[in-house]
Amino acid sequence: MTDRSAAPPAPTDSDALLVERAAAGDHRAYELLVIKYQRRIERLIGRMVRDVDLVPDIAQETFIRAWRALHQFRGDAQFYTWLYRIAVNTAKKSLMELKRDPVMTESALKSVDDDDETSRRENELTSESTPESELAAREIAAAVNAAMEALPEDLRQAVTLREIEGLSYEEIAEAMNCPIGTVRSRIFRAREAISARVKPLLSHQTGKRW
Amino acid sequence: MDGQLSGAQAAMAVQSMASTEARECWHVYHLVGDVLRSTDLAACGHDTAFVARLAARLQHETPAFEALPALARPAMLDVARPAANDGVFRWKLVAGLASFAAVAAIGWGALGSIGPQPGAGAQLARSAAPAVGTTQVMALAAPVPAASQAADMAPVMLRDARLDELLAAHRQTVGASALGNAAGFLRNATFEGPGR
């Protein structure tokens, strides 16, 4: 299980369409964006507040604020970059409000000024992590990696170029010297094969995941 | 999910996300992508209750621009529209012409202020005419009128004897700098004569 966080971010071509529809009032489009970015936003907030009880509420507030401010998003930056700043500001504001609360836990304020997503040590156990969640995360990561290893070479290469290297379909077709339709097919089959290994793990996790 | 759809196809795809299976597939695909990029994202949970709670809150929220007419809506994602600072030739041309016009205007103004200005002399000549009952004393810094120019090649300070006495009296009481320092910027002073 290697961390590839230094790799280019995931392509966000689809965000423009979803954001446009969400800005027009399409709740469903916005929910898809929420599902897509909830993990990253919660990880970011979890690194700032380090209190598992605060993370979902701050994440909720982040997405609500983003929804209210969608008309201000002009598409100059990526949607996640914009959402990232909202999450940081929301977490800071929440911590400042909690700071005035005497029952505020000390751990929640531990790193209020630390908004760097990569600042935490990789395997640092915080209050966000529980033994169960750690085990589940390792199982998911192991399943994904095992599924990747089991893929045929062309499928593995296609999904790697797409998900890790961030290439477009056209660039992948050029790199693999095949039609773009073949690229679509390979990426779809690779995702289906990996998902087939991951879905059982998700359904077993306290029944609240998808 | 990779931005390969557009227009009606994309709209249909979003509409199809109403089903639980489609949303689960959307979630798992993105989870796989996240885990491939960073394994610690596998630890971040995703639950239906979070989205359901958010959806319930969103029902009471309205984006600010929803009430606006379509024409007033901001041109979001209109990244194809050239900005004023883009490296487009026509913007550079407009900026260059504007700069040239500004420099030309400043240069024209500077050239106009250099050299003799006949209008100024005439104006001084008119304003230098003595008024009835008053004695006007002028510190001439500009060219004198044409009538007296031949006789007065050098600047001449016209003084009135009574004004000199007055100045001398002030010099005794408040010092030599009372009007001496002001003479540098004094251009026109009026003394009320006894005729008033």
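This report describes a predicted model of a complex, taking chain A and chain B in turn.

## Confidence in the model

For the complex as a whole, the predictor gives an ipTM of 0.76 and a pTM of 0.57. In chain B the mean pLDDT is 67, and 47% of the residues of this chain reach 70 or more.

Two stretches of chain B call for particular care in reading. Over residues 67–79 of chain B the pLDDT is below 50, and in the model this stretch has 14 contacts beyond near neighbours in sequence. Over residues 127–144 of chain B the pLDDT likewise stays under 50, and here the model has 35 contacts beyond four places in sequence. Where pLDDT is low, the predicted coordinates should not be read in detail.

## The make-up of the two chains

Chain A is built with eight helices and zero strands, so that its elements, read from the N terminus on, run α-α-α-α-α-α-α-α. Of the 210 residues in chain A, 38% count as buried. When contacts in chain A between residues at least 6 apart in sequence are considered, 66% of them join residues at least 24 apart.

Chain B has eight helices and two strands, and along its sequence these elements follow the pattern α-α-α-α-α-β-α-α-α-β. Of the 196 residues in chain B, 13% count as buried. Among the contacts in chain B between residues at least 6 apart in sequence, 43% join residues at least 24 apart.

## Helix 5 and helix 8 of chain A

In chain A, the axes of helix 5 (residues 131–150) and helix 8 come within 9 Å of each other and cross at roughly 160°. Because angles over 145 degrees count as roughly antiparallel, helix 5 of chain A and helix 8 of chain A are roughly antiparallel to each other. The crossing in which helix 5 of chain A passes helix 8 of chain A is right-handed. On the side of helix 5 of chain A, the contact is made by Glu139(A), Ile140(A), Ala143(A), Val144(A), Ala146(A), Ala147(A) and Met148(A), and on the side of helix 8 of chain A by Ala193(A), Ile194(A), Arg197(A), Val198(A) and Leu201(A). Sorted by class, the residues of this contact between helix 5 and helix 8 of chain A comprise 10 nonpolar, no polar and two charged.

Helix 5 of chain A also holds Ala136(A), which counts as buried because 20 other C-beta atoms lie within 10 Å. Although Ala136(A) and Leu202(A) are 66 residues apart along the chain, their C-alpha atoms are separated by 8.5 Å.

The phi angle of Asn177(A) is near 55°, which is a positive value in a residue other than glycine.

Ile180(A) lies in helix 8 (residues 180–203) of chain A, and it counts as partly exposed because it has 15 C-beta neighbours inside 10 Å. Once neighbours within four places in sequence are left aside, Ile180(A) is in contact with Tyr169(A), Glu170(A) and Ala173(A). For one of these, Glu170(A), which is 10 residues from Ile180(A) along the chain, the separation of the two C-alpha atoms is 6.2 Å.

## Helix 3 and helix 4 of chain A

A second pair in chain A consists of helix 3 (residues 55–68) and helix 4 (residues 79–99), whose axes come within 9 Å and cross at roughly 130°. At that angle helix 3 of chain A is oblique to helix 4 of chain A. The crossing of helix 3 and helix 4 of chain A is right-handed.

In this pair, Ile58(A), Glu61(A), Thr62(A), Arg65(A) and Ala66(A) of helix 3 of chain A meet Leu83(A), Ile86(A), Ala87(A), Thr90(A), Ala91(A) and Ser94(A) of helix 4 of chain A. By class, this contact of helix 3 with helix 4 of chain A has six nonpolar, three polar and two charged residues.

Key:
Residues are numbered from 1 along each chain as its sequence is written. Chains are lettered from A and ligands numbered from 1 in the order in which they are written. This is a predicted model: local features need pLDDT of at least 70, side-chain atom pairs count only at pLDDT 80 or more; totals for chains, interfaces and linings use all residues. pLDDT is the predictor's confidence in each residue, from 0 to 100. Two residues are in contact if their C-beta atoms, placed from the backbone, lie within 7 Å. Helices (H or I, at least four residues) and strands (E, at least two) are DSSP runs, numbered from the N terminus. A residue is buried if 20 or more other C-beta atoms lie within 10 Å of its own, exposed if 12 or fewer, and partly exposed in between; C-beta atoms are placed from the backbone. Axes are lines fitted to C-alpha atoms, for helices over the stretch in contact, and angles run from 0 to 180 degrees between N-to-C directions. Angles under 35 degrees count as roughly parallel, over 145 as roughly antiparallel, 65 to 115 as roughly perpendicular and the rest as oblique. A crossing is left-handed if the near helix is turned anticlockwise from the far one by less than a right angle, and right-handed if clockwise. Ala, Val, Leu, Ile, Met, Phe, Trp, Tyr, Cys and Pro count as nonpolar, Asp, Glu, Lys and Arg as charged, and the others, Gly among them, as polar.
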